[in-house]
Amino acid sequence: MDPLADMGGSPGWGPAKVPDPDEAPFAEPWEGRSFALTLLTMNRVSGRNLDAFRYALERLDPVSYLADGYYGRWLNAAELMLTDSAVLAPGAVDARARRLAGEEVEEPAFPEPARPDYAPTGPGSLREVEGPPAFAVGGAVVTADLRPRGPSKLPGYLRRRRGTITAVRPGHLLPDTHAVFEGENPQYVYTVGFPSTELWGPDAEPFTLHADLFESYLIPESEADR
Amino acid sequence: MSAAAERPSPALRTEAMEALLVERGLVDPAVMDRFITTYERDVGPLNGAKVVARAWTDPEYRERLLADGTPAIAELGFGGPQGEHIVVLEQTDDVHHVVVCTLCSCYPWPVLGLPPSWYKDPAYRARVVREPRTVLYEMGLDLPAGKRIEVWDSSAEVRYLVLPQRPAGTDGWDADALAGLVTRDAMVGVATVAAP
């Protein structure tokens, strides 16, 4: 099953919000604290592995993902990374929060940290890729039928769909392996355009959808049996 | 449902996590304060508005910006996290661009700051890739029937900035005055820049 985070096309969310032009970056002070705490957690725990953070978001249960909004989700993902790497014990955050609220609860001891063995080869997410890109602008492709148990950046609604290369982008770290600390494996990324009818059927509103997809997600149309 | 729903409030859990990480020597509250004030005061949509206004008043800059966004944006001093590779999409009489991130809420921080709540909302993430004209209408943008719509799902590390159309009635305005008209929402593609 695709994670809840893979939301493209999913039903039941109601109308879109009308933008408030004067909205502040953080609705409440704790949201700013959560934002800063998560960034620092990422830096200190995972060596700025942004893909690992996004994968932590994808592993949250639906309530943890949705109940407290965007920065609640960040907080919960940061906590998951901290317990994964044994910087904090499971339940440590709740126990301390209850104590802050005046409850008498026992707190778990700090565990022995087991941080991932990780050293990025450079800053950020872009890397040089050896060799030329496999696809060129205008090329016809089909997206692969990927249903991995682990991380992937192929949105579910774009699986097994015919599209055309809109643009060739620089090489990126491959989130499928990078998010789980199993190597950078950089690949070219392509913007691929899909007619809306290919995604949503003949009655779809007319438009073109473009998405940024890794080379290993794409098959030349000539080689695809569909 | 119940276990997660009965947790202490996110405000208390944030305070608790901060205290624990300070005790572990991993987090300095003063550094957190700097991160927060940077995104409250310095990095916001005014950066993007300066880029747009420059493009509206300097045709050579506009050409550089559309050809390769990242270095052209860096000319104005903007870059950094979530802005490694920025592509600029130009609104025209025929085409309307709108940007989303269906998988998380990826957004070009150096030029627009942190994403607004409507961008992070499941309804926008789920629906703008399926019925963009309807979603834009709900958000207050009624596109002409003949306008072609292009939706961009930022599913990797490319970040998109929309270059809105310059409104009529602004001939002779300088870049500073024009920047005051440009809104965050227009630079994501859910609004147009209104004439003064």
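These entries record what I looked up in a predicted model with chains A and B.

**Conventions**

I number residues from 1 along each chain as its sequence is written, and I letter chains from A and number ligands from 1 in the order in which they are written. Because the model is predicted, local features need pLDDT of at least 70 and side-chain atom pairs count only at pLDDT 80 or more, while totals for chains, interfaces and linings use all residues; side-chain values use heavy atoms, with hydrogens and water left out.

**Entry 1: chain A as a whole**

I began with the secondary structure of chain A, which has seven helices and five strands. Helices (H or I, at least four residues) and strands (E, at least two) are DSSP runs, numbered from the N terminus. Along the sequence I read the pattern α-α-α-α-α-β-β-α-β-α-β-β. The C-alpha trace of chain A spans about 65 × 45 × 35 Å along its principal axes.

I then looked up burial and found that 50% of the 226 residues of chain A count as buried. Buried means under 20% relative accessible area, exposed over 50%, and partly exposed in between (1.4 Å probe, protein chains only). The accessible surface of chain A is about 10,600 Å², and carbon and sulfur atoms hold 51% of it. Such areas come from the Shrake-Rupley method with a 1.4 Å probe; for residues, only the protein chains shown count as cover.

For contacts (heavy atoms within 4.5 Å), I took those in chain A with a separation of 6 or more: 63% of them join residues 24 or more positions apart.

**Entry 2: domains**

I noted domain bounds, which come from an automatic or database domain assignment. Chain A is divided into domain 1 (1-113) and domain 2 (140-223). Their C-alpha centres lie 27 Å apart, and the contact takes 11 residues from domain 1 of chain A and 17 residues from domain 2 of chain A. Chain B is assigned domain 1 (3-40) and domain 2 (45-188), with 32 Å between the two centres, taken over C-alpha atoms.

In what order do the seven strands of the open sheet lie? I read 5(A)-1(A)-2(A)-3(A)-4(A)-3(B)-2(B), with mixed pairing. Two strands pair if DSSP finds at least two bridges between them. The edge strands are strand 5 (218-220) of chain A and strand 2 (95-100) of chain B, each pairing on one side only. The twist averages 35 degrees from one strand to the next; axes here are lines fitted to C-alpha atoms, for helices over the stretch in contact, and angles run from 0 to 180 degrees between N-to-C directions.

I next followed strand 4 (residues 208-214) of chain A, where six of the seven residues are buried. Strand 3 (residues 187-195) of chain A runs antiparallel to strand 4 of chain A and is joined to it by seven bridges; A:Thr191 stands opposite A:Asp212 there. Strand 4 of chain A also pairs with strand 3 of chain B, in the parallel sense and over four bridges. In this pairing, A:Thr208 has B:Glu150 as its bridge partner.

Within chain B, strand 2 and strand 3 (residues 148-153) are parallel and share six bridges.

**Entry 3: a helix contact between the chains**

I looked up B:Thr14, which is in helix 2 (residues 10-23) of chain B. B:Thr14 is buried at 1% relative accessibility. Apart from its neighbours within four places in sequence, B:Thr14 contacts A:Trp30, A:Arg33, A:Ser34, A:Leu37 and A:Leu75.

From there I turned to A:Leu37, in helix 1 (residues 29-46) of chain A. A:Leu37 has a relative accessible area of 0% and is buried. With its neighbours within four places in sequence left aside, A:Leu37 is in contact with chain B residues including B:Thr14, B:Met17, B:Leu21 and B:Met32. A:Leu37 is also 8.1 Å from A:Ala78, C-alpha to C-alpha, although 41 residues separate the two in sequence.

**Entry 4: cysteines**

I recorded B:Cys101 as buried at 0% relative accessibility and B:Cys104 as buried at 11%.
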